[in-house]
Amino acid sequence: MNVHATASATEHRFDDATSAFAGDVIEDLSQHPKRLSPKYFYDATGSELFEQITLLPEYYPTRTELAILRDRAGEISAILPKGSALVEFGAGATTKVRLLLNECAFGAYVPVDISGDFLKVQAEALRKDFAALDVYPVTADFTAPFALPDAVSAMPKVGFFPGSTLGNFEPHEACGFLRSARDILGQGAQMVIGVDLEKNERVLYNAYNDADGVTARFNLNVLHRINRELGGNFDLSAFTHRAIYNRERHRIEMHLISRKTQTVRVLGRSFSFRAGETIHTENSYKYSLERFAALARGSGWTPRESWTDPAAMFSVHALVASE
(Lines give C-alpha, C1' and ligand atoms only; values in the text may rest on other atoms or scores of the structure.)
Protein backbone atom coordinates (compact mmCIF):
# COMPACT_ATOMS: atom_id res chain seq x y z
CA MET A 1 0.00 0.00 0.00
CA ASN A 2 1.29 3.44 -0.93
CA VAL A 3 -0.14 6.40 0.93
CA HIS A 4 1.15 9.88 0.13
CA ALA A 5 -0.08 13.26 1.27
CA THR A 6 1.37 16.74 1.21
CA ALA A 7 2.60 17.78 4.63
CA SER A 8 1.29 21.24 5.31
CA ALA A 9 0.39 22.50 8.74
CA THR A 10 -1.72 25.28 7.26
CA GLU A 11 -4.09 22.79 5.62
CA HIS A 12 -5.12 21.22 8.93
CA ARG A 13 -7.34 22.75 11.57
CA PHE A 14 -7.06 20.67 14.69
CA ASP A 15 -9.36 20.06 17.60
CA ASP A 16 -7.75 19.47 20.99
CA ALA A 17 -7.43 15.70 20.49
CA THR A 18 -5.78 16.04 17.09
CA SER A 19 -3.46 18.75 18.40
CA ALA A 20 -2.33 16.38 21.16
CA PHE A 21 -1.81 13.67 18.53
CA ALA A 22 0.26 16.05 16.41
CA GLY A 23 2.39 17.16 19.36
CA ASP A 24 3.07 13.61 20.49
CA VAL A 25 3.94 12.41 16.98
CA ILE A 26 6.42 15.25 16.37
CA GLU A 27 8.02 14.74 19.78
CA ASP A 28 8.18 10.94 19.53
CA LEU A 29 9.59 10.84 16.00
CA SER A 30 12.27 13.32 17.15
CA GLN A 31 13.52 10.86 19.78
CA HIS A 32 16.44 8.47 19.36
CA PRO A 33 15.31 5.74 18.98
CA LYS A 34 12.06 6.88 17.37
CA ARG A 35 8.76 5.80 18.88
CA LEU A 36 5.00 6.29 18.66
CA SER A 37 2.49 5.89 21.49
CA PRO A 38 0.26 2.79 21.26
CA LYS A 39 -2.74 4.86 22.36
CA TYR A 40 -2.88 6.20 18.80
CA PHE A 41 -3.51 2.74 17.36
CA TYR A 42 -7.20 3.08 18.11
CA ASP A 43 -8.86 5.16 15.45
CA ALA A 44 -11.94 3.54 13.85
CA THR A 45 -9.82 1.35 11.55
CA GLY A 46 -7.41 0.41 14.32
CA SER A 47 -10.24 -0.53 16.67
CA GLU A 48 -11.79 -2.73 13.99
CA LEU A 49 -8.45 -4.40 13.30
CA PHE A 50 -7.92 -5.03 17.01
CA GLU A 51 -11.32 -6.72 17.24
CA GLN A 52 -10.16 -8.98 14.40
CA ILE A 53 -6.95 -9.71 16.32
CA THR A 54 -8.92 -10.86 19.37
CA LEU A 55 -10.56 -13.57 17.22
CA LEU A 56 -7.33 -14.93 15.72
CA PRO A 57 -6.37 -18.49 16.73
CA GLU A 58 -2.87 -17.30 17.70
CA TYR A 59 -4.12 -14.51 19.96
CA TYR A 60 -4.93 -16.14 23.29
CA PRO A 61 -5.44 -13.21 25.78
CA THR A 62 -9.04 -12.20 25.05
CA ARG A 63 -10.64 -15.63 24.91
CA THR A 64 -8.57 -16.86 27.86
CA GLU A 65 -9.53 -13.96 30.10
CA LEU A 66 -13.18 -14.30 29.07
CA ALA A 67 -13.07 -17.96 30.08
CA ILE A 68 -11.59 -17.08 33.49
CA LEU A 69 -14.22 -14.40 34.12
CA ARG A 70 -17.01 -16.72 32.97
CA ASP A 71 -15.81 -19.67 35.06
CA ARG A 72 -14.88 -17.67 38.17
CA ALA A 73 -17.57 -14.98 38.16
CA GLY A 74 -19.29 -16.58 41.16
CA GLU A 75 -16.07 -16.60 43.19
CA ILE A 76 -15.31 -13.00 42.21
CA SER A 77 -18.83 -11.95 43.14
CA ALA A 78 -18.54 -13.58 46.55
CA ILE A 79 -15.66 -11.33 47.62
CA LEU A 80 -17.06 -8.03 46.32
CA PRO A 81 -19.39 -5.90 48.45
CA LYS A 82 -23.01 -5.86 47.31
CA GLY A 83 -24.29 -2.48 46.17
CA SER A 84 -20.83 -1.26 45.20
CA ALA A 85 -20.02 0.98 42.24
CA LEU A 86 -18.03 -0.80 39.53
CA VAL A 87 -15.57 1.63 37.92
CA GLU A 88 -14.08 0.36 34.66
CA PHE A 89 -10.83 2.05 33.63
CA GLY A 90 -10.63 2.35 29.85
CA ALA A 91 -14.06 0.88 29.14
CA GLY A 92 -14.19 -0.85 25.78
CA ALA A 93 -16.57 -3.42 24.35
CA THR A 94 -18.90 -4.58 27.12
CA THR A 95 -18.37 -8.33 26.68
CA LYS A 96 -16.19 -8.75 29.77
CA VAL A 97 -18.00 -6.38 32.10
CA ARG A 98 -21.31 -8.06 31.30
CA LEU A 99 -19.97 -11.27 32.84
CA LEU A 100 -19.51 -9.43 36.14
CA LEU A 101 -22.76 -7.49 35.88
CA ASN A 102 -24.68 -10.72 35.32
CA GLU A 103 -23.21 -12.27 38.47
CA CYS A 104 -22.53 -9.42 40.89
CA ALA A 105 -25.07 -7.20 42.65
CA PHE A 106 -23.55 -3.83 41.78
CA GLY A 107 -25.31 -0.62 42.71
CA ALA A 108 -23.88 1.34 39.78
CA TYR A 109 -21.51 1.08 36.84
CA VAL A 110 -19.07 3.87 35.96
CA PRO A 111 -17.36 3.30 32.59
CA VAL A 112 -14.40 5.64 32.05
CA ASP A 113 -12.93 6.33 28.62
CA ILE A 114 -11.51 9.24 26.66
CA SER A 115 -14.07 8.73 23.86
CA GLY A 116 -17.32 10.33 25.00
CA ASP A 117 -19.33 9.28 21.93
CA PHE A 118 -18.26 5.67 22.33
CA LEU A 119 -19.16 5.72 26.04
CA LYS A 120 -22.63 7.10 25.31
CA VAL A 121 -23.44 4.27 22.92
CA GLN A 122 -22.14 1.60 25.32
CA ALA A 123 -24.00 3.14 28.27
CA GLU A 124 -27.31 3.16 26.40
CA ALA A 125 -26.93 -0.50 25.45
CA LEU A 126 -26.21 -1.48 29.06
CA ARG A 127 -29.16 0.51 30.39
CA LYS A 128 -31.47 -1.46 28.08
CA ASP A 129 -30.07 -4.81 29.18
CA PHE A 130 -29.64 -3.98 32.89
CA ALA A 131 -32.67 -1.81 33.61
CA ALA A 132 -32.09 -1.76 37.37
CA LEU A 133 -28.47 -0.67 37.08
CA ASP A 134 -27.51 3.01 37.27
CA VAL A 135 -24.88 3.80 34.63
CA TYR A 136 -22.77 6.96 34.95
CA PRO A 137 -20.26 7.30 32.09
CA VAL A 138 -17.23 9.51 32.69
CA THR A 139 -15.28 10.97 29.77
CA ALA A 140 -11.68 11.14 30.96
CA ASP A 141 -8.17 9.84 30.42
CA PHE A 142 -8.15 6.95 32.89
CA THR A 143 -4.37 7.17 33.31
CA ALA A 144 -4.73 10.63 34.91
CA PRO A 145 -6.70 11.70 38.02
CA PHE A 146 -10.44 12.20 37.47
CA ALA A 147 -13.48 12.70 39.69
CA LEU A 148 -16.11 10.02 40.19
CA PRO A 149 -19.79 11.03 39.91
CA ASP A 150 -21.33 12.39 43.11
CA ALA A 151 -24.07 9.75 42.80
CA VAL A 152 -21.61 6.96 43.72
CA SER A 153 -19.70 8.82 46.44
CA ALA A 154 -21.29 6.87 49.31
CA MET A 155 -21.00 3.45 47.64
CA PRO A 156 -18.13 1.01 48.12
CA LYS A 157 -15.89 1.11 45.05
CA VAL A 158 -14.59 -1.73 42.87
CA GLY A 159 -12.18 -0.99 40.03
CA PHE A 160 -12.19 -3.11 36.88
CA PHE A 161 -9.23 -3.16 34.49
CA PRO A 162 -9.49 -6.20 32.21
CA GLY A 163 -7.39 -7.11 29.22
CA SER A 164 -3.61 -6.95 29.18
CA THR A 165 -3.47 -3.14 29.09
CA LEU A 166 -1.40 -2.98 32.27
CA GLY A 167 1.37 -4.68 30.30
CA ASN A 168 1.50 -1.75 27.87
CA PHE A 169 2.81 0.44 30.69
CA GLU A 170 6.44 0.56 31.72
CA PRO A 171 6.67 -0.98 35.23
CA HIS A 172 6.99 2.45 36.88
CA GLU A 173 3.98 3.64 34.85
CA ALA A 174 1.99 0.56 35.91
CA CYS A 175 2.83 1.40 39.51
CA GLY A 176 1.72 4.99 38.92
CA PHE A 177 -1.56 3.88 37.40
CA LEU A 178 -2.32 1.52 40.28
CA ARG A 179 -1.57 4.25 42.82
CA SER A 180 -3.78 6.71 40.94
CA ALA A 181 -6.60 4.16 40.75
CA ARG A 182 -6.35 3.57 44.50
CA ASP A 183 -6.58 7.30 45.16
CA ILE A 184 -9.59 7.68 42.81
CA LEU A 185 -11.47 4.70 44.25
CA GLY A 186 -10.72 5.59 47.86
CA GLN A 187 -10.13 3.83 51.14
CA GLY A 188 -11.21 0.20 51.31
CA ALA A 189 -11.67 -0.09 47.55
CA GLN A 190 -11.13 -3.31 45.65
CA MET A 191 -9.82 -3.91 42.15
CA VAL A 192 -10.32 -6.73 39.62
CA ILE A 193 -7.52 -6.66 37.05
CA GLY A 194 -6.35 -8.81 34.15
CA VAL A 195 -2.64 -9.55 33.73
CA ASP A 196 -0.94 -11.52 30.96
CA LEU A 197 1.54 -14.15 32.14
CA GLU A 198 5.00 -15.26 31.07
CA LYS A 199 4.87 -18.29 28.80
CA ASN A 200 6.57 -20.15 25.97
CA GLU A 201 8.26 -17.62 23.69
CA ARG A 202 6.94 -19.27 20.52
CA VAL A 203 3.37 -18.80 21.76
CA LEU A 204 4.10 -15.12 22.40
CA TYR A 205 5.79 -14.65 19.03
CA ASN A 206 2.88 -16.21 17.16
CA ALA A 207 0.34 -14.10 19.06
CA TYR A 208 1.93 -10.88 17.79
CA ASN A 209 3.01 -12.15 14.35
CA ASP A 210 -0.17 -13.86 13.18
CA ALA A 211 -0.19 -15.80 9.92
CA ASP A 212 -2.92 -13.62 8.40
CA GLY A 213 -0.95 -10.41 8.97
CA VAL A 214 -3.74 -8.67 10.90
CA THR A 215 -1.36 -7.47 13.61
CA ALA A 216 0.97 -6.12 10.95
CA ARG A 217 -1.89 -4.10 9.42
CA PHE A 218 -2.87 -2.92 12.90
CA ASN A 219 0.68 -1.70 13.56
CA LEU A 220 1.07 -0.03 10.15
CA ASN A 221 -2.31 1.68 10.49
CA VAL A 222 -0.81 4.26 12.86
CA LEU A 223 1.25 5.55 9.91
CA HIS A 224 -1.87 5.66 7.77
CA ARG A 225 -3.54 7.67 10.54
CA ILE A 226 -0.64 10.16 10.59
CA ASN A 227 -0.99 10.57 6.82
CA ARG A 228 -4.73 11.09 7.00
CA GLU A 229 -4.98 13.31 10.07
CA LEU A 230 -1.64 15.13 10.08
CA GLY A 231 -0.80 15.33 6.38
CA GLY A 232 2.15 12.97 6.63
CA ASN A 233 3.66 11.28 3.59
CA PHE A 234 4.63 7.88 5.02
CA ASP A 235 4.91 5.23 2.30
CA LEU A 236 3.44 2.23 4.13
CA SER A 237 5.09 -0.20 1.73
CA ALA A 238 8.47 1.13 2.89
CA PHE A 239 7.90 -0.12 6.47
CA THR A 240 7.37 -3.59 7.83
CA HIS A 241 5.95 -4.92 11.11
CA ARG A 242 8.15 -6.78 13.59
CA ALA A 243 7.29 -8.11 17.04
CA ILE A 244 10.01 -9.69 19.19
CA TYR A 245 10.22 -11.00 22.74
CA ASN A 246 12.74 -9.20 24.94
CA ARG A 247 13.59 -11.94 27.42
CA GLU A 248 15.60 -9.67 29.73
CA ARG A 249 12.68 -7.24 30.16
CA HIS A 250 9.88 -9.86 30.00
CA ARG A 251 8.09 -8.03 27.21
CA ILE A 252 6.92 -8.24 23.63
CA GLU A 253 8.12 -5.25 21.62
CA MET A 254 6.33 -4.09 18.48
CA HIS A 255 8.29 -2.12 15.91
CA LEU A 256 7.88 -0.67 12.43
CA ILE A 257 11.07 -1.22 10.45
CA SER A 258 12.19 1.08 7.63
CA ARG A 259 12.95 -1.04 4.57
CA LYS A 260 15.23 1.61 3.07
CA THR A 261 16.94 4.96 3.66
CA GLN A 262 14.19 7.55 3.38
CA THR A 263 12.88 10.90 4.59
CA VAL A 264 9.29 11.42 5.76
CA ARG A 265 7.52 14.73 6.31
CA VAL A 266 4.84 15.42 8.91
CA LEU A 267 3.43 18.93 9.40
CA GLY A 268 6.40 20.54 7.72
CA ARG A 269 8.95 18.57 9.76
CA SER A 270 11.34 16.10 8.12
CA PHE A 271 12.32 12.81 9.74
CA SER A 272 15.14 10.74 8.27
CA PHE A 273 15.29 6.96 8.50
CA ARG A 274 18.19 4.61 7.87
CA ALA A 275 17.51 1.23 6.29
CA GLY A 276 16.61 -1.06 9.20
CA GLU A 277 15.84 1.79 11.61
CA THR A 278 12.80 1.18 13.79
CA ILE A 279 9.85 3.04 15.24
CA HIS A 280 9.06 1.43 18.59
CA THR A 281 5.24 1.39 18.79
CA GLU A 282 4.29 -0.80 21.75
CA ASN A 283 5.49 -2.90 24.67
CA SER A 284 3.47 -5.69 26.24
CA TYR A 285 5.00 -6.78 29.54
CA LYS A 286 4.35 -10.31 30.76
CA TYR A 287 4.32 -11.04 34.49
CA SER A 288 4.70 -14.00 36.76
CA LEU A 289 2.09 -14.20 39.53
CA GLU A 290 4.79 -13.34 42.04
CA ARG A 291 6.14 -10.32 40.15
CA PHE A 292 2.66 -8.88 39.68
CA ALA A 293 1.86 -9.40 43.38
CA ALA A 294 5.05 -7.51 44.27
CA LEU A 295 4.10 -4.69 41.88
CA ALA A 296 0.63 -4.47 43.44
CA ARG A 297 2.01 -4.34 46.98
CA GLY A 298 4.46 -1.63 46.00
CA SER A 299 1.58 0.37 44.51
CA GLY A 300 -0.66 0.46 47.55
CA TRP A 301 -2.71 -2.71 46.99
CA THR A 302 -2.87 -5.99 48.88
CA PRO A 303 -3.37 -9.10 46.70
CA ARG A 304 -6.45 -11.00 47.85
CA GLU A 305 -7.02 -13.71 45.26
CA SER A 306 -5.87 -14.70 41.78
CA TRP A 307 -7.27 -17.00 39.12
CA THR A 308 -5.67 -18.48 36.01
CA ASP A 309 -6.76 -20.75 33.18
CA PRO A 310 -5.64 -24.42 33.32
CA ALA A 311 -2.64 -23.69 31.06
CA ALA A 312 -1.61 -20.64 33.14
CA MET A 313 -1.68 -18.38 30.09
CA PHE A 314 -3.49 -15.43 31.70
CA SER A 315 -4.51 -14.26 35.15
CA VAL A 316 -7.23 -12.26 36.88
CA HIS A 317 -6.47 -10.73 40.28
CA ALA A 318 -8.56 -9.32 43.11
CA LEU A 319 -6.79 -6.57 45.07
CA VAL A 320 -7.73 -4.55 48.15
CA ALA A 321 -6.51 -1.01 48.76
CA SER A 322 -3.89 -1.04 51.50
CA GLU A 323 -4.44 1.08 54.57
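Me: I have learned that strands are DSSP runs of E with at least two residues, and helices are runs of H or I with at least four, all numbered from the N terminus. With that in hand, in which loop is Ala 312 found?

Reply: Good starting point! Keep in mind that this is a predicted model. Ala 312 sits in the loop between strand 13 (301-308) and strand 14 (314-321). With a relative accessible area of 36%, Ala 312 is partly exposed.

Me: What is the phi of Ala 312?

Reply: The general idea comes first: most residues other than glycine have a negative phi, and most peptide bonds are trans. Ala 312 is not a glycine, yet it has a positive phi of about 55°. Leu 267 is another non-glycine residue with a positive phi, about 50°. Leu 267 belongs to the loop between strand 10 and strand 11 (269-273), and at 16% relative accessibility it counts as buried.

Me: And which residues does a cis peptide bond join?

Reply: Look at His 32 and Pro 33: the bond joining them is cis, with omega about 0°. Pro 33 lies in the loop between helix 1 and strand 1.

Me: Let's turn to rings. How far apart are the centres of Phe 21 and Tyr 40, and at what angle are their planes?

Reply: A pair of aromatic rings is described by two things, the distance of the centres and the angle of the planes. The count here comes to 19 aromatic pairs. In one of them, Phe 21 and Tyr 40 have ring centres 4.6 Å apart and planes at 40°, so this pair is tilted. Phe 21 lies in helix 1 (residues 16-29) and Tyr 40 in the loop between strand 1 (34-35) and helix 2 (44-54), so the pair ties together parts 19 residues apart in sequence.

Me: Is Phe 21 buried or exposed?

Reply: Phe 21 is buried, at a relative accessible area of 1%. The face of Phe 21 has Arg 225 lying over it, 4.5 Å from the ring centre. Elsewhere, the charged end of Lys 34 sits over the ring of Phe 273, 4.7 Å from its centre.

Me: Which residues form one aromatic cluster?

Reply: Find Phe 41, Tyr 42, Phe 50, Tyr 59, Tyr 60, Tyr 208 and Phe 218; together they form one aromatic cluster.

Me: Now for helices. At what angle do helix 3 and helix 4 pack?

Reply: Two packed helices are described by the angle between their axes and the distance between the axes. Helix 3 (residues 61-79) and helix 4 (residues 95-103) pack at about 15°, and their axes are 9 Å apart. Angles under 35 degrees count as roughly parallel, and helix 3 and helix 4 are therefore roughly parallel to each other. Their crossing is right-handed. Among the residues making the contact are Leu 66, Leu 69 and Ala 73 of helix 3, and Leu 99 and Leu 100 of helix 4.

Technical notes: Residues are numbered from 1 along each chain as its sequence is written. This is a predicted model: local features need pLDDT of at least 70, side-chain atom pairs count only at pLDDT 80 or more; totals for chains, interfaces and linings use all residues. Side-chain values use heavy atoms; hydrogens and water are left out. Rings of Phe, Tyr and Trp (its six-membered ring) pair if their centres lie within 6.5 Å; planes under 30 degrees apart count as stacked, over 60 as edge-to-face and the rest as tilted. Buried means under 20% relative accessible area, exposed over 50%, partly exposed in between (1.4 Å probe, protein chains only). A charge sits over a ring if NZ of Lys or CZ of Arg is within 6 Å of the ring centre and within 35 degrees of the ring normal. Axes are lines fitted to C-alpha atoms, for helices over the stretch in contact, and angles run from 0 to 180 degrees between N-to-C directions. Angles under 35 degrees count as roughly parallel, over 145 as roughly antiparallel, 65 to 115 as roughly perpendicular and the rest as oblique. A crossing is left-handed if the near helix is turned anticlockwise from the far one by less than a right angle, and right-handed if clockwise. Contact means heavy atoms within 4.5 Å.
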